[in-house]
Amino acid sequence: MKIKNLVAALLGAYGVPLLAHAQATQPLTEAAAPAAAPTAVIVTGSRIARATVEGPSAVTVISGADITRQGYKNVFDALSNQVQNSGFTQGADFGNTFTPSANTLSLRGLGPNHTLILLNGRRLADFPIAYEGTVNFTNLANIPSSIVERIEILSGGASAIYGSDAIAGVINIILKNKADGFDLNAKAGTSSRGGGGDRRVQFTGGQQFGKLTTVFSLEVSERDRLTALQRGFMAERDGTPTDILSRRNLDTGKYVDLGNACTDFADMFDNSVFRHTVKAGSYCASRKAANTHWSTQTQNRSKNAFASATYDLDGDTVLFADLLVGRNDTASNTRGPSWTSAATGSGYFLNQNTGAYEVWKRYISPQETGGVRRYDRTWEDRALAASLGVRGHIGKSDWKYEAGYSASAYESKNHVPRALANIDSFFLGPRLGTDADGVAIYAPDPARLTRRLTPAEFDSITGQANSDDESWTHTLAASASGKLLDLPAGPLQLAAVVEAGRQGFTNTPDARINEGYFNALPGSFVTAGTRARYAAGAELNIPLLATLTGTLAGRYDRYEFAERSNGKFTYNGGLEFRPRKELLLRANYATSFRAPDMNYIYKARGTGYYSSTTDYYRCAVAGEPLATCEFANKSPGADYVQNGSRDLKPEQGKSWGAGMVWSPSSAFDVSLDYWNIKIDDLVTNLDPDQLLRDEAACRLGALDIASALCADTISRITRFADNAPDRAGEIKEIRVNPINAAKESVSGFDVSAKYALRTADYGTFTVRGNYTKTLTRRSQQFAGDEVEDRLHALDSSDWPDKLAASVNWDRGPVSTTLFATRYGKLPNGAGTGYLTPTTLVNVSAVYRFSDRLTLSLIVNNLFNKVKSDPSGGWPNYPIGSYSPLGRVGWLELNYHFGS
């Protein structure tokens, strides 16, 4: 779908739409002198306005000022550094991933699909490409930080308020609803080690025109790529070097001597090509070839715009509308152009000139392609979110209402260089037919393999595959809240909401893949699906005693998809006990659910490969123990094929927590909260490791080969023939599909504290700290399986604990902040032990020259730490958990125009 058609599509025939109750956006301020009538605000996790942020569930608040003060680059950076975000996710700095142009979170380590992300209380469209090729998630790349009023993070289940997805928690990004004057902000910086720099310009403002209030924000940002060659510790790969030129005779198992080819190619890949000799002979190799094309941070250009308007009709009725649009252009690469003979067939051919089966390989260098960027993958992502509606009072009563429509859409166009179908004939000459086993026959000229290509020749064998992926969601909603009746301890308040919505997605690969245009196997199909949803819910705030308040909420959601429907009722309850004005004791319990990921339901056919696999059958046949078996933990692992399932049912969640908040004064507060979350009927793909274990047991007689289990297992694992000239007996692919089977649970506690020291002569010192500790993390693949302790598993990349602390000093025109994050221990890459905890420190200083002009200096990773982990080999650092950038510094200038 063209981006110019997105709005029309959203407002057109599908037309029932996005979410509910827009959150009030008054800023949350720290308590000052006692106020007679504190302003009531809507806090995430409730639709009933309250005078305090603290309630039965813990809510963390990040102000717009915190994003700059604590050294965060953008909204995603601010959220990913929060202690609740303890789960590992693949993002823009992960390298080879399905979604390198997107960033997401994993609250409590439960995965990006179990955290609900809202913008002004409304849902956003899923990113159209599934995370890790499996689950849907929300991308956080298109929200200008300059327009953010605050971000609220609710931990635990909230489906009784918001519906599906709110199992691990809810993140609500609340934007400013008014501004006085205009602000121009420019920010630029780079890393002290070189590479990865970025620049940003923002223009934000607003004005009042009688009854009309407007706000807008424009943002343009650029981020430079960081490559493996720009960091010495991963510029070269250890272990087996990359095969960049080889010819192997499968009949003898030996490499054919290539003469002076390795010397002739020595200047390629940064002068790193050499003759590599093994038992089977010699071939040309490089330890930099793969790294030459490896982006550790993607290149990105982002353009985002936001506008909102409210019109006060009569003092009681307000019309509102807002629009957020964004575009991200991303470029990255994690592999260079390579060729293996007959790759779409057997992987080898019959050489008519020698009478032998042979495999030829060629890794093509940047000198031949016209530059390293010639083989970039690129993404064009476009996002839209819009809402309009009316809110006000019902008659002359204190009851408030809101009715509105909201819509969101995402489009991602991916452009991937691919070898054309003529590449075999380019290197091998014309195909002369096939032998009795269907193996292709060629009579190639060996000089063709060892000759350098020109850029024009490379262009003649390389094309570009273009995919177009899109997603959308829209909701029509109405809500009302107000006093139901007076109880002895206070007013009984009620909020109610009804919603109707529809969402969908389409993944459209390049049709030429199935037409034989590229040197690729057919099997890329359009994946698409839609579903409708309807919901009704209510919430009560019940003053039980002068010191005790209860909350109760319930909601029914119904989903219709794939010619079937599912309904789910969820509820939650909470208690707030205030024995003293400064002390709050609280507890909560909630049920939650997640409707099956649409990618899981409608997936036509997905392919990929596992990071590693163990072939238990071949190890057993070889009589080798797993510890020393050459087929164990082989990386990269086997290829897989994934299909969807329309029989999935919703995941079921339960959460509960208890805690306390003590605020003896406006200068000091501390909170302690315990949390516990469980998920049943967790949707997961069949475990490939278990499939391989079962396959070995079936083939070796430990399980009945005639059983239904063995028949299904063996049908899922395809192997090369035992007598194949190449890769004999190896796993060719594993076929998996999603099922409702798994269980997962996690528990822990959070501690937060703040202290402000106000002095007459030395300004104000503010100390803040937040800490989270995971106490248990357990999972079970199938009923009857052993429950696995994931907290202490040596293949887990989730943080067991995380600490964030800051010290801020304000005096006159100067404000400085020192912010430190301590990350707990993680398993090393080899899975043999742990990496030590690491603390990273950011510092910022702001000088206000006048009421209009401020200048800021921001330094992240002040001590230039890059976590080292050579245990698992290249890239020699814990990729995805720590950044290879090192110290990064920025200058930021802000100028205010108007009032």
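A: A surface patch is built from residues with over 30% relative accessible area and no salt bridge, where nonpolar side chains (Val, Leu, Ile, Met, Phe, Trp, Tyr) are joined within 5 Å and like charges within 9 Å. Here Tyr755, Leu757, Tyr762, Phe765, Val767, Val807 and Leu818 make a nonpolar patch of about 630 Å², and the elements that give two or more residues to the patch are β35 (738–758) and β36 (764–780). This is a predicted model, in which local features need pLDDT of at least 70, side-chain atom pairs count only at pLDDT 80 or more, and totals for chains, interfaces and linings use all residues. Residues are numbered from 1 along each chain as its sequence is written, and side-chain values use heavy atoms, with hydrogens and water left out.

Q: Is Leu818 buried, partly exposed or exposed, and why?

A: Buried means under 20% relative accessible area, exposed means over 50%, and partly exposed lies in between (1.4 Å probe, protein chains only). Leu818, which is found in strand β39 (residues 814–823), is partly exposed because its relative accessible area is 40%.

Q: At what angle do the axes of helix α14 and helix α15 cross?

A: Axes are lines fitted to C-alpha atoms, for helices over the stretch in contact, and angles run from 0 to 180 degrees between N-to-C directions. The axes of α14 (residues 688–699) and α15 (residues 708–716) cross at roughly 120° and come within 9 Å.

Conventions
Areas by Shrake-Rupley, 256 points an atom, 1.4 Å probe, with all protein chains shown as cover. Salt bridge = Lys/Arg side-chain N within 4 Å of Asp/Glu carboxyl O. Helix = DSSP H or I, 4+ residues; strand = E, 2+ residues; numbered from the N terminus.
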